[in-house]
Amino acid sequence: MLMIGSHLSSAKGFLHMGREAVRIGANTFQFFTRNPRGSRAKELDLQDVAAFLAYAKGARINTVLAHAPYTLNPCSKEEKTREFAKMTMEDDLRRMEHLPGNYYNFHPGSHTGQGADRGIEQIVSQLNELLRHDQSTTVLLETMAGKGTEIGGRFEEIRAILDGVDCSEKMGVCMDTCHVYDAGYDIVGHLDDVIGEFDRVVGLTRLKAIHLNDSMNPIGSHKDRHEKIGEGSIGLEAFEKLINHPALRGLPFYLETPNELDGYAQEISILRSRYRCE
């Protein structure tokens, strides 16, 4: 069964997101833990969480993905920025324990001129301070487009972070299709080769989720501009191959395309129609 959903607003709570997911034909979804450009999170409504968990069980909603705000940068040269990232992630992970067994995704960040090696050291240091062997949440590094001083545009950088984390069993990777394409990985013409390279460098057992986004820009542009499925330079045929690839079957797919709910519903319907049941 294809596990697919989209990014949803958390403004009205978890139960509301669950019902919206079902309405658009999804069986999973993604949400921001707080304002993506801010710092404050709403107080957690435990009654709403409990109601959602009961609803999700009946509706067969699985593997919800929480997305950290874009303002997190655990490898900035500014100490106060790194401290903010640590404080925010610590709070997010604490809150996620009320949604046991799900995923928490974050952008590795930008080294802001320190160099990738130093940036990776700082990311690893923060993760080692925050992650616990007894937590139920799996933390995902997102693959990036490699713009500017951004870390995560190469699979080798993702592997270097994973290698340094003590609680390695609590870590994984979320591959963003727009990002890897913009980073120079040809998922359109050579999908098997890209998946093979990921397996060689990182390991497919580490791949836990996929962000499905078309790209407004050509391969290797390092731009990170998402487009609707089939309307960008990646194209619908490539997405059909992605969702049906034997190495990716069983993974949850999350749409982050520039859409409202009706647009997400349409994309989910199109992709389900292209999915070949085993």
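His-211 counts as buried, at 0% relative accessibility. Buried here means under 20% relative accessible area, exposed over 50%, and partly exposed in between (1.4 Å probe, protein chains only). The model is predicted: local features need pLDDT of at least 70, side-chain atom pairs count only at pLDDT 80 or more, and totals for chains, interfaces and linings use all residues. Residues are numbered from 1 along each chain as its sequence is written, and side-chain values use heavy atoms, with hydrogens and water left out.

His-211 belongs to strand S7 (residues 207-212). Strands (E, at least two residues) and helices (H or I, at least four) are DSSP runs, numbered from the N terminus. The side chain of His-211 meets that of Gln-30 in a polar contact of 2.6 Å. Such a contact is a pair of N or O atoms within 3.5 Å; within protein, one must be able to donate a hydrogen and the other to accept it, and residues adjacent in sequence count only if both atoms are side-chain atoms. With neighbours within four places in sequence set aside, His-211 is in contact with Gln-30, Leu-65, His-67, Asn-105, Glu-142, Cys-174, Met-175, Asp-176, Thr-177, Tyr-254 and Glu-256. Contact means heavy atoms within 4.5 Å.

S2 pairs with strand S1 (residues 3-7) in the parallel sense over three bridges. Two strands pair if DSSP finds at least two bridges between them. Gly-5 stands opposite Thr-28 of S2. From S1 the chain crosses through helix H1 (residues 14-23) to S2, in a right-handed β-α-β crossover. Right-handed means that, with the strands pointing away from the viewer, the path from the first strand over the helix to the second runs clockwise. S2 also pairs with strand S3 (residues 65-67), in the parallel sense and over three bridges. There, Phe-32 is opposite His-67 of S3.

Two annotated sets share Glu-142. In an unreviewed UniProt entry, the annotation "binding site" covers Glu-142, Asp-176, His-211 and Glu-256. UniProt positions follow the numbering used here, feature names are shortened, and annotations may be inferred rather than shown by experiment. These residues are spread over 115 residues of sequence, yet they cluster in space, with a largest C-alpha distance of 13.0 Å. From this set, Glu-142, Asp-176 and Glu-256 belong to the lining of the largest pocket. On a 1 Å grid over the protein atoms alone, a pocket is an open set of points where a 1.4 Å probe fits, with protein on both sides within 12 Å along at least five of seven lines; lining residues have an atom within 4 Å of a point.

UniProt (unreviewed entry) also places the feature "binding site" at His-67, His-107 and Glu-142. They too cluster in space: the spread is 76 residues of sequence, and the largest C-alpha distance is 9.9 Å. The lining of the largest pocket includes His-67, His-107 and Glu-142.

Glu-142 lies in strand S5 (residues 138-142). At 1% relative accessibility, Glu-142 counts as buried. Its side chain makes a polar contact with the side chain of His-179 (3.3 Å). His-107 sits in the loop between strand S4 (103-106) and helix H4 (116-130). His-107 is buried, with a relative accessible area of 18%. Beyond four places in sequence, His-107 is in contact with His-67, Tyr-70, Pro-74, Glu-142, Met-144 and His-179.

Two helix residues complete the description. Thr-88 lies in helix H3 (residues 79-96) and is buried, with a relative accessible area of 2%. The side chain of Thr-88 reaches the backbone oxygen of Phe-84 at 2.9 Å. Arg-118 is placed in helix H4. With a relative accessible area of 39%, Arg-118 is partly exposed.
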